Amino acid sequence: MGRHRRGKTQGIHTVGDLIEALERYDSDLEVRFAIQPRMPMGYTVGPLAEYDEILWIGEAGSDGYVPDGAASLLGWR
């Protein structure tokens with residue numbers, strides 16, 4: 001089974017990109033995953049799995065709505 005992508009978007013594409021992006025933050029900060037730019041929701045980060053040459057980051061549960069300030073910094077507001 002091959003990778004199915006509709007073209008690359010800007011952002012983080014490799015584990016190296018992710019590590020490089022995270023290095024600028026304090027290692028003691030909590031981590032949340034934000035989705036749905038129109039109604040931003042936050043999720044805690046769950047398990048990781050490598051499949052088909054892709055690292056999948058699972059979610060471990062909803063953490064509610066993303067604060068407006070964070071949504072703004074993500075470029076969603």
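**The sheet and what surrounds it**

Modeller: Let's start with T14, which sits in the segment before α1 (15–22). A word on the labels: helices (H or I, at least four residues) and strands (E, at least two) are DSSP runs, numbered from the N terminus. This is a predicted model, where local features need pLDDT of at least 70 and side-chain atom pairs count only at pLDDT 80 or more, while totals for chains, interfaces and linings use all residues. Residues are numbered from 1 along each chain as its sequence is written, and side-chain values use heavy atoms, leaving out hydrogens and water.

T14 counts as partly exposed, at 43% relative accessibility (buried is under 20% relative accessible area, exposed is over 50%, partly exposed is in between, with a 1.4 Å probe and protein chains only). Its side chain reaches the backbone nitrogen of D17 at 2.9 Å, a polar contact (a pair of N or O atoms within 3.5 Å; within protein, one must be able to donate a hydrogen and the other to accept it, and residues adjacent in sequence count only if both atoms are side-chain atoms).

Now step back for a moment. The chain holds two helices and three strands, and from the N terminus on they run α-β-β-β-α. Of its 77 residues, 10% count as buried. The accessible surface comes to about 6900 Å², with 55% of that belonging to carbon and sulfur atoms; areas like these come from the Shrake-Rupley method with a 1.4 Å probe, and for residues only the protein chains shown count as cover.

On to the sheet itself. The three strands form an open sheet in the order β1-β2-β3, with antiparallel pairing. Here β1 and β3 stand at the edges with a single partner strand each, so one side of each has no neighbour in the sheet. From one strand to the next, the twist averages 45° (axes are lines fitted to C-alpha atoms, for helices over the stretch in contact, and angles run from 0 to 180 degrees between N-to-C directions). Two strands count as paired if DSSP finds at least two bridges between them; β2 and β3 have eight, in the antiparallel sense. To trace that pairing by eye, find Y43, which stands opposite S62 in β3, then T44, whose bridge partner in β3 is G61.

D52 isn't a glycine, and most residues other than glycine have a negative phi. At 25% relative accessibility, D52 counts as partly exposed.

The loop between β1 (33–35) and β2 (41–51) has a residue of that kind too, Q36. Q36 is no glycine either, yet its phi is positive, about 65°. At 41% relative accessibility, Q36 counts as partly exposed. P37 is found in the loop between β1 and β2 as well, and P37 is partly exposed at 43%. P37 and R77 are 40 residues apart in sequence but 8.1 Å apart in space, C-alpha to C-alpha.

Side chains of opposite charge can pair when their charged atoms come close. A search of the whole structure finds three salt bridges, each being a side-chain nitrogen of Lys or Arg within 4 Å of a carboxyl oxygen of Asp or Glu. In one of them, R77 meets D68 at 3.3 Å, N to O. R77 is exposed, with a relative accessible area of 53%, and D68 counts as exposed at 54%.

D63 is partly exposed, with a relative accessible area of 44%, and R32 counts as partly exposed at 39%. R32 also meets E30 in a salt bridge of 2.9 Å, N to O, and E30 is exposed, at 67%. Together, E30, R32 and D63 are linked in a network of salt bridges.
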